[in-house]
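Please keep the sequence and the structure in view while reading.

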Amino acid sequence: MTEHIVHPFEPFFRTDSKILIVGSLPSVKSRENGFYYGHPQNRFWKMLAMIFSEETPLSIEEKKRFLEKHKIAVYDSISECTICGSSDSSISNVVPSDIEKIVSACKITKILANGKTAAKYFLKYQDKNLCSMLKTLPSTSPANAVYSVQKLVEIWGNEF
């Protein structure tokens, strides 16, 4: 079923955040679970925990503390859109996120796109200066089964 989704979460950042990770839009499961990368099969939290040699954060509070500790901000390139379930290919009627608000409030030196869809909408709607900060990395989504967790750790780990 196609529906219009307004991003359910505020961007997560602190004034000392140095890296901004952008996805496209929270999945149905993430929206149900109330925080970024909430699908149990998404490798995002496991991958970051492996990169930093820490336990995988499970609760929303643990995830927030983890992000704060490592000076990571998270948001999405889409603020609202029409979408069918969690299908990136069905996205239409996009309203882009205000990424400049986050970057200007922090010490962001690098923006990492979690997958090609996040990068596509970021590059389509954001300012050239912000786009020059973007690096596209393989998606941590369970739909991106081509990459093992270990391969994601290897590729993403070079950015921290």
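D16 is partly exposed, with a relative accessible area of 29%, where partly exposed lies between buried (under 20% relative accessible area) and exposed (over 50%), computed with a 1.4 Å probe on protein chains only. K71 is likewise partly exposed, with a relative accessible area of 29%. These two residues form a salt bridge, with their closest N and O atoms 3.2 Å apart; the term stands for a side-chain nitrogen of Lys or Arg within 4 Å of a carboxyl oxygen of Asp or Glu. D16 sits in the loop between β1 (2-6) and β2 (19-23), and K71 in the loop between α3 (60-69) and β3 (72-76), so the bridge ties together parts that are 55 residues apart in sequence. Helices (H or I, at least four residues) and strands (E, at least two) are DSSP runs, numbered from the N terminus.

The model is predicted: local features need pLDDT of at least 70 and side-chain atom pairs count only at pLDDT 80 or more, while totals for chains, interfaces and linings use all residues. Residues are numbered from 1 along each chain as its sequence is written, and side-chain values use heavy atoms, with hydrogens and water left out.

By the salt-bridge rule, the count comes to 7 salt bridges. Side chains of opposite charge can pair when their charged atoms come close. E159 and K110 meet in such a bridge, at 3.2 Å from N to O; because E159 lies in the segment after α7 (149-157) and K110 in strand β6 (residues 110-114), this pair ties together parts that are 49 residues apart in sequence.

K135 also forms a salt bridge with E159, the closest N and O atoms being 2.8 Å apart. K135 belongs to strand β7 (residues 134-137), and this pair links parts of the chain that are 24 residues apart. Through shared partners, K110, K135 and E159 are joined into one network. Is E159 buried or exposed? E159 counts as buried, at 9% relative accessibility, whereas K110 at 23% counts as partly exposed, as does K135 at 39%.

## The buried side of α3

In α3 the buried residues are K63, F66 and L67. They cover an arc of only 95 degrees around the axis, which puts them on the same side of α3; the arc is that of the directions from the helix axis to the C-beta atoms. An α-helix has 3.6 residues a turn, so residues three or four places apart point the same way.

The cover over these buried residues includes α2 (44-51) and β3, with contact taken as heavy atoms within 4.5 Å. Just after α3, K71 takes a positive phi of about 55 degrees.
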